[in-house]
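Here's a quick briefing to read alongside the model. Have the sequence and the 3D view open as you go.

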Amino acid sequence: MEFTRMMEGNEAAAWGAKLSRAEVIPAYPITPQTELISHIATLIARGEMKAQYIKVEGEHTAMAAACGASAAGARVFTASASQGIAFMEEALWMPPGRRLPIVMCMVNRALAPIGGLRPDHNDALLQRDTGWIQLYCENSQEVLDTIIMAYRIGEDRQVYLPVAPCYDGYFVSATAIPTTVPDQGEVDEFLPPYKHEMYSLMPGDYRRPPFPLNIAKARYEVQKAMERAKKVIEKVDREYAKRFGRGYDGLLEEYACDGVEAVLVTMGSMTGTARDVIDEMQAEGKPIGLVKLRGFRPFPTEELRELAKKYHVLGIVDRNTSYGSAGGGVVAMEAARALYPLDDRPLLLNFHVGLGGSDVTMRQIRYMADKVLETLETGKVEKEVEWVELLDLGEVM
């Protein structure tokens, strides 16, 4: 039976795994993911979730066990964060190449040094080249819904790739909002039992994995699967919205964009704060909108190019750093590459905020939005990259 109650992101993720009927959970606890795994262990111990929980000695082993279980035909769920994801990295390359649709929550937390317990996105973005689909969630409800959708996406025969629902530690993992848990029977109809159509390692149903021996060909096949995943993500999101009444516009969502010519582009939990600021500024007559980037891998290149036809200035907000890059954060560089072939490109600004889990404030968002509008008015980019959280905005404003 469907019900709604206050729920933190980690508990919502546990319910997402339960409703998806995940069968094997190999995991190692690390803050701020620990409560997620604890919730799952409790559900299993109470007999409310039928799954095998594997206690492992580290994150690397957790992913190795996940690969084995998925290859044997089980629906697998795991989670990690920060240094745990970095420790797991060697094994993280295996599921995409072996076409294993594992779902792993990446509960974002700043990497050392100087690390911390709160989030930025470098731990997940560090894995952007491994072949994992990455979907960034704004709140507990989106976490629960995205995990269910992640299995439909990853297990689609056009895709067969692992999926990482990503959400900010503490700001989402430990923050409770009203969250609707759908009926198990409805989820079962939406998400059928898992069976890998490409191969099977089980006796009696053994089918040899059709992996190419040529490295270039193998990687090209993963790349093509990533490209096909874009349409699958859009389709699954539409079907989920139709059945459960909640959708997230696939890879990116436009908010309050009617009649505007400039937008901020955000990712993750800061989007909720940005919505409030955009509402306030529009009430003041300022023509600024918001675009929420939900899917980072595969990157929504085509969708971004469509936005470029409507908006003259994009302000990309990066909760990450890329030392020594061509300029700016990871999201801004991806956006710049996506937009480069266009004859009529929008102006691009990049802002660093929220690093190490520092609060992304309404004042900071308003400052960035004003800079975007100023660029729209002048037609010139004053600063390509700005470290907003290092500014004394009490003096600037």
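Predicted model: local features only at pLDDT ≥ 70, side-chain atom pairs only at ≥ 80, totals over all residues.

Residues are numbered from 1 along each chain as its sequence is written, and side-chain values use heavy atoms, with hydrogens and water left out.

**Overall fold**

- The protein has 14 helices and 15 strands (DSSP runs numbered from the N terminus: H or I of at least four residues for helices, E of at least two for strands).
- Its radius of gyration is 21 Å, close to the 21 Å from the globule rule for 397 residues, so the protein is as compact as a globular protein of that length (taken over C-alpha atoms; the rule is 2.2 Å times the number of residues to the power 0.38).
- The C-alpha trace spans about 70 × 50 × 45 Å along the principal axes.
- Of the 397 residues, 55% count as buried (buried is under 20% relative accessible area, exposed over 50%, partly exposed in between, with a 1.4 Å probe and protein chains only).
- Take the contacts between residues at least 6 apart in sequence: 81% of them join residues at least 24 apart (contact means heavy atoms within 4.5 Å).
- The accessible surface comes to about 17000 Å², and 51% of that belongs to carbon and sulfur atoms (Shrake-Rupley method, 1.4 Å probe; for residues, only the protein chains shown count as cover).

**Pocket and cavity**

- Ground rules: on a 1 Å grid over the protein atoms alone, a cavity is a set of points where a 1.4 Å probe fits but cannot get out, a pocket is an open set with protein on both sides within 12 Å along at least five of seven lines, and lining residues have an atom within 4 Å of a point.
- Grid points are joined across faces, edges and corners, and a volume is the space filled by probe spheres set on the points.
- The largest pocket holds about 860 Å³ of space, and 33 residues line it, with D129, G131, R219, V222 and Q223 nearest its centre.
- Helix α9 (215–244) is among the elements supplying at least two lining residues each, along with α5 (94–98), α11 (301–308) and α12 (330–339); α9 gives the most, with nine residues.
- By class, that pocket lining has 15 nonpolar, six polar and twelve charged residues (Ala, Val, Leu, Ile, Met, Phe, Trp, Tyr, Cys and Pro are nonpolar; Asp, Glu, Lys and Arg charged; the others, Gly among them, polar).
- There's one cavity of 30 Å³ or more, lined by V265, L293, F299, L304, I316, V331 and A335; that lining is seven nonpolar, no polar and no charged residues.

**Backbone spots to check**

- Most residues other than glycine have a negative phi, and most peptide bonds are trans.
- The peptide bond from A112 to P113 is cis, with omega near -25 degrees, and a cis bond also joins P113 and I114, with omega about -25 degrees.
- P113 lies in the loop between β5 (103–108) and α6 (122–125).
- R99 has a positive phi near 55 degrees; R99 lies in the loop between α5 and β5 and is buried at 6% relative accessibility.
- Y160 has a positive phi near 45 degrees; Y160 is in the loop between α7 (140–154) and β7 (163–168) and is buried at 1%.
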